[in-house]
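Here is a structure to go through by question and answer. Please look it over first.

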Amino acid sequence: MPVSAVSPPSTTTAARPRASLAVAMLGFFVVALDAQIVNVALPAVGSDFGGGLAGLQWVVTGYTLMFSALQLFAGTFSDRVGARRAYGIGMILFTAASAACAFSPNLSMLVTARILQGIGAAMITPASLALIREAYHDAVQRGRAIVYWGLGGSVAAAAGPVLGGVLTQLHWRLIFFVNLPVGVLALVVLAGVARSPRRPMPFDWAGQVSAVLALASLTYGIIEGPSVGYGSPAILTVFGAGAASLAVFMVVQFKAKAPMLPLDIFRSRTVSTTLGVALATMAAFYGVVFLQSLYFQQQRGATALETGLLFLPMTALVALLNPLVARLMARFGQVALIAAGQLLMALGLAGLCLLPADTPVLLVAVMMVPVGVGGSFTVPPIIALVMDHVPAERAGTASGVVNTARQVGGSLGVAVFGALLAGQGFMDGLRTSLGWTAAILILLILASLTLRHEQRKTP
């Protein structure tokens, strides 16, 4: 999801913070770009490889599923081996997997390479936030750095659909080659970052395996259910396996001496509520990008390039409003900005839901603007709230938790929205998806506002 940026925070120890922030920005850029750029190319991929709607969903969800399922493991791994080393491992894997995507001979290999990309992205994201947490000890400067870190996502959101459209006009495989020079540049800049501290701790293998099985089973059941039948023995078995895996995960986390997901994090009502908001907003954003990419091309006959340009009003306005976010967060507080962002998203979703089928495509593009702007206003304060409620030595784990919530939301958004399209028909499924998501966001606004009286805590 796009987030917003301000000028780089000032610091008296500029060398390491600047390198750390640059590396973090490059990491977030390439991770977010890969999610944005692929959606526009889906019809072209389907034309070459087939696979139907479910196959196209897996091209997106294979990436976001592993991204979300491994965030907690990656956060713990970052704390254990050091954020700098974890980032490097993740970036190398992500760049190599991007090359594998570009040369994939069939849909199965493409989805496999996308899964590997997701693993690399999962390593990059919590490590990048941990590098910021290590470099900026002052809460105000750290908050500004997190917003500025979001410049990577904002640029990716603005460039992704248009760049994807341009490259797809030549060949969809080119969209994956874009990652290669960015990955190399990030690794070069990483050499200027000081070594990160390590915190020896055992890996929670039982928790990680059960978490992956639970999320994979749920996502598979949602995506394949419309074609196989939700009442079929195969789908019921998959959902049962997911429920059992989730139960095992919770038991392991409760009893383990070094759990992957420390349950005491959820004792804070601020953190629990904020994570719920993160999940819902990412489901809304990823779901809208997935739906509208297919809508413009399959329902309205737009080309890939035209589709990218139709996303431009949403993404360009996000970039123009970047400088406001830190100022608004400083003036009105994190909670107020989260609530305002959710309201904008809900209004945009409701507007898209109510538009007639023959609405001019330019008006549809304008109605997408509140969704993107609302998301950009929501993400930085969400991350800042969670990071402010944990000590520095648990920054990797905390960033893994918040990014797990965000990416699980993205995976489920694509899976659920796609299932509704397959089960109800395109336009009915689109309206149902957008309407229910808007209603959920309204409810979460009320939950967010209950936090307005809590004092901001800084470790």
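Predicted model: local features only at pLDDT ≥ 70, side-chain atom pairs only at ≥ 80, totals over all residues.

Residues are numbered from 1 along each chain as its sequence is written, and side-chain values use heavy atoms, with hydrogens and water left out.

Q: Is Asn179 buried or exposed?
A: Asn179 belongs to helix α9, residues 179-190; helices are DSSP runs of H or I with at least four residues, numbered from the N terminus. Buried means under 20% relative accessible area and exposed over 50%, with partly exposed in between (1.4 Å probe, protein chains only). At a relative accessible area of 1%, Asn179 is buried.

Q: With which side chain does the side chain of Asn179 make a polar contact of 2.7 Å?
A: A polar contact is a pair of N or O atoms within 3.5 Å; within protein, one must be able to donate a hydrogen and the other to accept it, and residues adjacent in sequence count only if both atoms are side-chain atoms. One such partner of the Asn179 side chain is that of Ser98, at 3.0 Å. The partner at 2.7 Å is the side chain of Asp34.

Q: How many of the 31 residues of α12 are buried?
A: Helix α12 covers residues 269-299. The helix is largely enclosed by the rest of the structure, because the number of its residues that are buried is 25 of 31.

Q: How many disulfides does a search of the whole structure find?
A: A disulfide is a pair of cysteine sulfur atoms within 2.5 Å. Cys101 is buried at 0% relative accessible area, and Cys353 is buried at 16%. The number of disulfides found in the whole structure is zero.

How values were computed: Helix = DSSP H or I, 4+ residues; strand = E, 2+ residues; numbered from the N terminus. Expected span 1.5 Å × (residues − 1).
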